[in-house]
Amino acid sequence: MKAISQTFQEISPADFFYRNREIAGFANPVRAIFSAIRELVENSLDATEPMGILPDIYIRLSNMSDEDENFYVLRVKDNGSGIPADYVPLAFCQFLFSSKYKLKQSRGTFGLGGTMTILYGQITTNKPVKVISSTGPPKIYEYTLMIDIQRNRPIVLDRRIYDNNDKWHGTIVEVNLEGDYPKAMPKILEYLKQTAIVNPYANITFVDPRGRLYKFERTVAKLPRQPRETLPHPHGIDVETVYRIIRITRCKTLLDFMQEHFHRVGKRTAQRFLEFAGFPEDADPKKLKPEEVVRLVQAMKNFNEFLPPDADCLSPLGEDILKAGILKELEPEFVAVTQRSPSAYSGHPFIVEVGIAYGGKIPVGEDLILYRFANKIPLVYDESGDVSWRIIKSINWRNYGLMPGMPFAVLVHICSTKIPWKTVGKEMIADRPEVSREILNGIRDVARQLGAYLSKKEKAKYEKTRLSIFAKYLPKIAEFSAKLAGKEKIPDIGELLRRARKIEED
Amino acid sequence: MKKISFSTREKRREVLARLERFGLDLYEQLEKGIFPNITMPSRSIDNIYYSPELRQYVLGDKKIKRSASNIRHLRPFAQLVWMAFFTHELTQNQKTSTLRDVFYSAQAYDISFKDQDESDDIITDLETILGCTREDFNVFPEESSAVFGDLTIEYTIPNYEGKRLNLTSHPDGVMIGPALTSAEFIETSADKVIAIEKGGLFTRFIEERVHERFNAILVFLRGQAPRSTRYFIRRLNQELGLPVYIFTDADPWGMHIAMVIISGSANAAHIRELTTPDAKWAGVWASDIINYKLPSDKLEDIDVKRLHELMRDPRYKDELWQREINVFMRIQRKCELEAFSRYGLTHIVDKYLPQRLKDLED
């Protein structure tokens, strides 16, 4: 074997994302400006909603200068809880620093998006980011920051402190970046509109570079139920996670270890599991050999008697909020929504919510209209690869009195601690049988409701027509038979018309 | 010269009375506060039978009921009552109307027909209910045929009432329209009726003075005879007692023109007074093609198919028809009335006609 001389170079997470920015959605100026807005808006929503604050989000996109149209200043302001001053540089300018490393549903997972936006802005414009934040009086902090890409460290260029006399709390991020707004505009507006559908409790304002104002106003003052942090479910575990838990655990026995660190594992379940896995109950988790850890993880995946994960860690919209969002943004004539019971795939709990909107301002298109959401984020790219698209195309809509070409739209929202993405691009949901079954049943449920509405409407229309036929022809029959019979008086048909109405009611 | 009793005025009074009874029946149902209904014989195929006694198609016992409480019946119900009202007006005022006219007239009363077929259908309903023809209540089709011969008639229509006309007055014949249909027959010297399918021969017969030479009233059928013409022929036969001879092309279609005059059509099974059962198909027969060596054409597939249908038709069971159908099948030839011209323009009148009439009278 020939020895090869190689230079190994450790790269920082910031460097890694710099080199692989397309996976975070920053592949080109069109996609980048879309992703920048999306990431900052989602950060803002995550800074408000979980704290019980009704979000007010203001987005302004303007040209950096008059000369070059391809450079923009993006400013996003929220009324969130704000970031403690000392954490601001790390929160925005260090990769994999995040408040989101716990197991509950949230929009982002690793706090990657916000930092990625800043990184992208920096590498395209060589300008710093400005972050202004306050957790409330007495002070407001303003940072001017850059990222040391190779070392994955924030560089603080400037730090100012202001008095907070207006009791403001929240965060403002102002980033410079290269982009192509004219081309990205349709998707950005679609994204904001769909965000408004699943966040009807938010005020979202967008001012674009040409000064056009788009307002998405709050119509419900109620927030979705907040997720509770939970332990990982044994079905969804991997070797690395088990090692991390072993490192921090204080448990002396596997029996305690199982109960203490895993979701919905009680004493009896732990005992039965350890017997199934072939480990003594009093084995010390810290003394497990590497191959034993692997065997333990395999056994966790194969043991069928764990209770399914519960959905406390999820924050579905709820039927009322989903309905309100659909009514507000799509303005349909009819809407039906359903929330499926919690379910799980591979130990990850999820809930599917489905809506259907018909008529009103829903456009008539040649194809079906589908709106997809994951953890309250609209998915506006790569529709045709999504499991929901496959499902709505496979449904025989005629069974519900519907057909493509009628004005209706289907909305599918899946929320989970771990969305089953199809690709790293995070725009498509994968076709997991547990998930697709819930989506299909949800769509069937709302389609049935719409079908019932349409047939009722049809019946009411028919009834109206029916009565108008009686009202039109009975008088004619009375008139002409009276004339034929040579009678002056035309028979009174009022009673017959009343009875015609009753025939149908019977 | 025969003197004939008046008939059309009585007929009119009867029709008016039937229409009024129809209206009164509905009126009384309405007065009782019930949804009125009408019962009439069904005209569907499964209720049409051939009656050997009457020698025509008749309706069976199946009835259909139209009720004003049924949403699907309401529109035709109202159309029917209007139709009765409208034709009563026509008949009472001695005005006539074509089928097309009726269709348009409805609009003035806010009664709509989606097309003329629909209004024609309602007229047929009214015929079925009243048991008389639309000509009786003064509704006529557009097409008309003609008559020529020594028959004096007296008009009963307004402005012409009492005026008389001899049907030899016009060398083209007199159109069998509403006025003639409702005219009374006054007197005639004729002792037979000769009905002819085609206009060319009708004119030839007049030119050759067939009406004088054979003491005949000539009727031009213009192909398949309209109902007013069939009714007129029946009157000539029934009221004047004249035998009727029909001349058509020698093919299945010509045979059927004669047959509809004799035994009527399935479409008119609800009407009794359109047929002339004693009328005779006088030619041109298939056997004439052989016997008179007439120029002929080969039967087409569609002719053969039609012959097969006629062979099974109950109206064609008599010996003459069966014999001629068989001859057609055997020789696979057909010919037109004009084929006699091969032997000169007057041959048919000089030779064929006298012989045939003599044969049939015997």
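1. A:D66, A:E67, A:D68 and A:E69 form a negative surface patch, Asp and Glu being counted as negative. Patch members have over 30% relative accessible area and no salt bridge, with like charges joined within 9 Å and nonpolar side chains within 5 Å. A:E67 sits in the loop between β1 (56–63) and β2 (71–78) of chain A. With a relative accessible area of 72%, A:E67 is exposed; exposed means over 50%, buried under 20%, with a 1.4 Å probe and protein chains only.

2. The model is predicted: local features need pLDDT of at least 70 and side-chain atom pairs pLDDT 80 or more, while totals for chains, interfaces and linings use all residues. Residues are numbered from 1 along each chain, chains are lettered from A, and side-chain values use heavy atoms.

3. A nonpolar surface patch of about 260 Å² is made by A:F16, A:I23 and A:V424. A:V424 belongs to the loop between β14 (408–416) and α12 (433–485) of chain A and is exposed at 62% relative accessibility.

4. A:E142, in strand β4 (residues 139–148) of chain A, is buried yet has no salt bridge (a Lys or Arg side-chain nitrogen within 4 Å of an Asp or Glu carboxyl oxygen). The nearest side chain of opposite charge, A:K130, is 4.0 Å away.

5. A:V387 lies in helix α11 (residues 387–394) of chain A and is buried, at 2% relative accessibility. Its C-alpha atom is 5.1 Å from that of A:D431, 44 residues apart along the chain.

Conventions: Areas by Shrake-Rupley, 256 points an atom, 1.4 Å probe, with all protein chains shown as cover. Charge placed at Lys NZ, Arg CZ, Asp CG, Glu CD. Helix = DSSP H or I, 4+ residues; strand = E, 2+ residues; numbered from the N terminus.
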